[in-house]
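Me: I am new to this structure. Please take me through its aromatic rings and its sheet, briefly.

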Amino acid sequence: MGLGRAGLDTGDPGWRQSGTERLWQWDSRRLMDENTFTENFNNQGWPSKTFLCYMVERLDDENTATPLDEYKGFVRNKGRDQPGEPCHAELYFLGQIRSWNLDRNQHYRLTCFISWTPCYNCAQKLTTFLKENHHISLHIFASRIYTVDDSGSRQSGLCALQAAGARITIMTSKDFERCWVTFVDHKEKPFQPWEGLEVKSKKLCEELQAILRAQQN
């Protein structure tokens, strides 16, 4: 993700402390401020933070999905200016999923809208999670692609995640609108696509497809 992927973050989220352990997370009942959404999900920029919005549906059959609103919210990464070790948003997210103890006799669809695709380490942890939890499917909609690591590990991480069953796609205008409507305190204002959204989305989609095809070569 951008240069600030695990870098300096500021803000006023809630803290939850248990003993000496602190988890940096957002109250799942809150909606995201519209400026926060625009600053971090606008695919024209390089924000230093990573935001991850999530929602869960129970798949009752092939044609019926029941939203589980108690498992809907968003998290962000913790930067170096916060107590403890820096942590990517995906790791907090995984911690939350594990705490839910979703019924293994049911099937669930987990949908995420994330401002950067997972880095190699986060992709590996998500891959391990999916292999251990076959009752959960994952679809990631990403605003942009993490390109800091040029060693090739980002490609192999995303490929491994896809091979584990995850769907990884780049957000289109329709996806940005869905994220806006679902997670943002928009005060009844409609989503306004920014200039260049679709052009950049198409370019990133082609780049992601090239990365994911690499596992077949």
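Me: Which residues do ring pairs link into a cluster?
Reply: This is a predicted model, where local features need pLDDT of at least 70, side-chain atom pairs count only at pLDDT 80 or more, and totals for chains, interfaces and linings use all residues. Residues are numbered from 1 along each chain as its sequence is written, and side-chain values use heavy atoms, with hydrogens and water left out. Rings of Phe, Tyr and Trp (its six-membered ring) pair if their centres lie within 6.5 Å. Ring pairs join this cluster: Phe-37, Phe-41, Phe-176, Trp-180, Phe-191 and Trp-194.

Me: How many aromatic pairs does the structure hold, and why is the pair of Phe-37 and Phe-41 stacked or tilted?
Reply: The structure holds 14 aromatic pairs. Planes under 30 degrees apart count as stacked, over 60 as edge-to-face and the rest as tilted. The centres of Phe-37 and Phe-41 are 5.2 Å apart and their planes are at 20°, so this pair is stacked.

Me: Are Phe-37 and Phe-41 buried or exposed?
Reply: Buried means under 20% relative accessible area, exposed over 50%, and partly exposed in between (1.4 Å probe, protein chains only). Phe-37 and Phe-41 are both buried.

Me: What is the order of strands in the open sheet?
Reply: Strands (E, at least two residues) are DSSP runs, numbered from the N terminus. Two strands pair if DSSP finds at least two bridges between them. The open sheet has five strands with mixed pairing, in the order E5-E4-E6-E7-E8.

Me: Which are the edge strands?
Reply: An edge strand here pairs on one side only. The edge strands are E5 (64-76) and E8 (167-170).

Conventions. Helices (H or I, at least four residues) and strands (E, at least two) are DSSP runs, numbered from the N terminus.
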